[in-house]
Amino acid sequence: MAGVAPAGGRPLIITEDPLLLDDLLRLCAAAGAEPHVHHAVPEQSAGSDGSGGSGGGVGWESAPLVLVGDDAARRVRGAPRRGGVFLVGRELDDPLVWQRAVEIGAEEVLRLPDAEGRLVDRIADVVEGAGRPALAVGVIGGSGGAGASTLACALALRAARAGERTILIDGDPLGGGMDVLLGGEAAEGLRWPDFAGSRGRVGAGALEESLPELHALRVLSWDRGDRVVVPPAAMRSVVAAARRRGGVVVVDLPRRVDEAVAEALAQLDLVLMVVPGELRAVAAAGRVAAGVRMAARDVRVVVRGRCPGGLDPEAVAGLLGAPLAGEVPVEVGLPGRVAEGEPPGAQGRGALARFCDGFWQRALGPAQGVPA
């Protein structure tokens, strides 16, 4: 049975084709990886740093990823079966290439340059030691003033309090700014304008380290300058990088679903739609929900407060045709505390914090505790 490729470390390239080697070295450099290079299957104790000197050794079975040039397929035919082997070439129209892939136990046949983006992603996953992706939760208001940003902030703070690696992404350029809500508008770190030009892969570790750290979580927000349009490709790259870091990602979403928001929605595990318990708000939320469902895989309703003569939570969820995630009662004194500089959810008291703690206990597992 094929082995499991180990996580982390340097990939192994096996080829004698100088042009293919140049391509693979370039792609490794783009992914931030320094590969080992061999012409055939290396012995476990043998090693090369790719320049002819000793590099500490890498073996066929110990390398986290193996890129076998089509020219070298026959030379590795007898190697032990393992995961993480790819057959790579520039001219792979030969019908026998699939037979060679089967013979060496390759997971996939990759043709360059068409598969360059996918290959860079796989190499970078190895470098970053990619493991279980983050649980990604989006929060969106069903109507104006529903309190979505407040809930997103509180969810992120309570996840961080529970010890989860947490990134909070402000996806609403017309909002007040999540860094402001957290009292960190002057904190050092990158904001959305610094990432608006991102097209390819964004390093997960580099993203996390570049963002302001506020209340034990990382925050990607907006600066105080003119509005910056974030292209769909940049949104896709940033959210994907945040997810690869593991832990929890919370995204505060605008009510208008454009192409960039759709890119974020497509990567979320769950979207919470915050809806006040009154008929006009439900009618507005129905229109928002229609746009969200086109890209999101799982949409649930959070009912915020109950208006006199209004709808109960189950009725709100029923009218919207979505499961009920819970109810957040109106919390007396919360707006005043926020105005005084206390971020929502920073303390363990109150209905909002209790809702968030219960949500994470269900989402992250029954053993997950959140200290007060």
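Guide: First the cut-off: a disulfide here is a pair of cysteine sulfur atoms within 2.5 Å. Keep in mind that this is a predicted model.

Visitor: How many disulfides does that rule give?

Guide: The count comes to 0 disulfides.

Visitor: Is Cys356 buried or exposed? And Cys153, buried or exposed?

Guide: Cys356 has a relative accessible area of 0%, so it counts as buried. Cys153 is also at 0% relative accessibility and is buried.

Visitor: And what share of the chain is buried?

Guide: Buried residues make up 51% of the 372 residues in the protein chain.

Visitor: What about secondary structure, how many helices and strands?

Guide: The chain has 13 helices and 13 strands. Of the contacts between residues at least 6 apart in sequence, 68% join residues at least 24 apart.

Visitor: Let's do the open sheet. What is the strand order?

Guide: The order is S2-S1-S3-S4-S5, 5 strands with parallel pairing. The edge strands, each pairing on one side only, are S2 (36–38) and S5 (108–111). From one strand to the next the twist averages 25 degrees.

Visitor: How many bridges between S1 and S3?

Guide: Strand S1 (residues 12–14) is joined to strand S3 (residues 66–69) by 3 bridges, and the two run parallel. Within that pair, Ile14 stands opposite Val68 in S3.

Visitor: Which strands does H2 touch?

Guide: Helix H2 (residues 97–104) packs on the sheet and touches S3, S4 (85–89) and S5. The direction of H2 makes about 155 degrees with that of S4.

Visitor: And where does H3 lie?

Guide: Helix H3 (residues 116–128) lies across S3, S4 and S5, and runs at about 125 degrees to S5.

Visitor: New topic, pockets. What volume has the largest one?

Guide: The largest pocket has a volume of about 290 Å³. Its lining has 18 residues, and those nearest its centre are Pro173, Arg227, Pro254, Asp258 and Val261.

Visitor: Which helices supply the lining of that pocket?

Guide: Helix H8 (232–244) and helix H9 (259–266) each supply at least two residues. H9 gives the most, with 3 residues.

Visitor: How many cavities of 30 Å³ or more?

Guide: The structure holds 1. The largest cavity has a volume of about 70 Å³.

Visitor: Which residues line the largest cavity?

Guide: Among them are Glu331, Leu334, Arg337, Glu342, Arg349 and Leu352. Helix H12 (334–339) and helix H13 (350–364) each supply at least two residues of that lining.

Visitor: Last one: Ala351. Which helix is it in, and is Ala351 buried or exposed?

Guide: Ala351 lies in helix H13. Its relative accessible area is 14%, so it counts as buried, the limit being under 20%.

Visitor: What is Ala351 in contact with, leaving aside its neighbours within four places in sequence?

Guide: With Pro329 and Glu331. From Ala351 to Leu334 the C-alpha to C-alpha distance is 9.8 Å, and the two are 17 residues apart in sequence.

Notes. Residues numbered from 1 in each chain as written. Predicted model: local features only at pLDDT ≥ 70, side-chain atom pairs only at ≥ 80, totals over all residues. Heavy atoms only, no water. Pairing = 2+ DSSP bridges. Helix = DSSP H or I, 4+ residues; strand = E, 2+ residues; numbered from the N terminus. Axes fitted to C-alpha atoms, helices over the stretch in contact; angles between N-to-C directions. Contact = heavy atoms within 4.5 Å. Buried < 20%, exposed > 50% of the residue type's maximum accessible area, 1.4 Å probe, protein only. 1 Å grid on protein atoms, 1.4 Å probe; cavity = no way out; pocket = protein on both sides within 12 Å on 5 of 7 lines; lining within 4 Å. Points joined across faces, edges and corners; volume = space filled by probe spheres on them.
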